[in-house]
Amino acid sequence: MIPFEYRRAGTIEDAVAAVSDRPEAAYLAGGTNLVDHMKLGVAGPTLLVDIGHLPLTEITELPDGGLRIGAGVSNTDVAAHPSIRTQYPALARALLSGASGQLRNLATTGGNLLQRTRCVYFQDVSTPCNKREPGSGCSALGGYVRYHAILGASQHCVAVHPSDMAVAMAALDAKVIVMGSDGETRIPLVDFHRLPGDRPDRDTVLTHGQLITAVELPAAPTGARSTYRKVRDRASYAFALVSVAAELVCHDQREIASARIAFGGLAHKPWRARVAESTLIGAPATEETFAAAAEAELAEAQPLAGNAFKVELARRTLVATLRSLTESEQVRS
């Protein structure tokens with residue numbers, strides 16, 4: 001680990017100014033991702049600005065019935081919050097499926113969104129990686145790709161975003177509240193993360209110095225049911241091969257009135273399944289409809305030689321998730 005300076009921010013404005021003024025500065029919150037990468041030599045900030053003591057640890061109700069989650073709220077506290085559990089069960093389940101209890105106690109809402117999109121080659125500094133060093137090449141191409149992308153990838157990077165929380169928030173139409181030197185900005189979460197294109201080193205649309213201060217969730221539709229399903233190689237502490245966050249509203253006649261869906265484990269960012277949603281809305285809540293929605297969404301999938309199984313796995317996972325929402329008496333919003 002290279003030497004670095006440490007500074008504790010007294011205010012949000014102080015934190016933004018400190019990082020904005022130093023190209024190699026970084027924010028430090030829970031540190032569950034950044035500190036690991038510093039130890040591995042993947043990241044090397046020359047200044048860490050500690051934001052762990054800023055007033056960003058509250059969950060508050062919004063006038064429209066939604067919730068505002070401070071960027072410093074731990075993953076554990078978000079998952080356990082009564083309003084999250086009752087109004088947004090998909091988010092609570094996503095958080096509880098991620099990492100270990102100890103990591104959830106430290107990991108923050110803002111930090112979770114900012115964890116690097118990565119694969120084993122990104123964390124191995126002895127191998128070429130366009131995310132670490134643009135233009136050096138992608139070692140995953142022709143290598144181990146079981147966990148890699150089948151949607152939205154490029155010749156420069158085929159890694160997938162690791163967050164469970166972000167997938168649920170993408171499906172729930174969350175907005176990321178960001179403070180920068182030019183003031184506050186609201187960014188839809190579906191637009192917050194980037195596909196790799198020819199700049200896989202940039203995971204998000206943030207510019208240097210911008211600080212996440214909160215995430216806002218709109219009120220869930222009346223009668224909505226939501227859930228999160230994660231398929232992985234082992235029961236705990238593993239990234240998703242495929243995950244699905246879904247919310248449905250059905251009429252009494254079992255016609256689907258609204259649908260919001262996002263995939264995890266398939267792309268460089270949480271993948272909002274707009275094609276599947278449009279296929280579902282107005283259709284009957286049947287197995288045939290669910291299968292058609294999955295087929296439509298995955299029609300453009302481009303699997304690699306070692307992960308073609310993901311296409312069928314994603315199809316089955318989406319169908320099973322939608323089936324569970326229409327057959328079971330889950331907690332409604």
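A residue is called buried here when its relative accessible area is under 20%, and by that criterion, in this predicted model, strand β2 (25-28) is covered on both of its faces. Ala25 and Tyr27 lie on one side of β2, Ala26 and Leu28 lie on the other, and all of them are buried. In a regular strand the side chains alternate between the two faces of the sheet.

The strand β2 belongs to an open sheet of three strands, arranged in the order β1-β3-β2 and paired in the parallel sense. Because β1 and β2 stand at the edges and each has a single partner strand, one side of each is left without a neighbour in the sheet. From one strand to the next, the twist averages 25°.

Which residues of helix α1 are buried? Within its residues 12-20, they are Ile12, Ala15, Val16, Ala18 and Val19. These residues cover an arc of only 165° around the axis, which puts them on the same side of α1. An α-helix has 3.6 residues a turn, so residues three or four places apart point the same way. The buried residues of α1 pack against β1 (5-8), β2 (25-28) and β3 (47-50), and they also pack against β6 (175-180) and β8 (211-217).

The axes of helix α11 (residues 287-297) and helix α12 (residues 309-327) come within 9 Å and cross at roughly 140°, with α11 passing α12 in a right-handed crossing. On the α11 side, the residues that take part are Glu287, Phe290, Ala291, Ala294 and Glu295, and these meet Arg315, Leu318, Val319, Leu322, Arg323 and Thr326 in α12. Sorted by class, this contact of α11 with α12 has six nonpolar, one polar and four charged residues.

How values were computed: Residues are numbered from 1 along each chain as its sequence is written. This is a predicted model: local features need pLDDT of at least 70, side-chain atom pairs count only at pLDDT 80 or more; totals for chains, interfaces and linings use all residues. Side-chain values use heavy atoms; hydrogens and water are left out. Buried means under 20% relative accessible area, exposed over 50%, partly exposed in between (1.4 Å probe, protein chains only). Helices (H or I, at least four residues) and strands (E, at least two) are DSSP runs, numbered from the N terminus. The arc is that of the directions from the helix axis to the C-beta atoms. Contact means heavy atoms within 4.5 Å. Two strands pair if DSSP finds at least two bridges between them. Axes are lines fitted to C-alpha atoms, for helices over the stretch in contact, and angles run from 0 to 180 degrees between N-to-C directions. A crossing is left-handed if the near helix is turned anticlockwise from the far one by less than a right angle, and right-handed if clockwise. Ala, Val, Leu, Ile, Met, Phe, Trp, Tyr, Cys and Pro count as nonpolar, Asp, Glu, Lys and Arg as charged, and the others, Gly among them, as polar.
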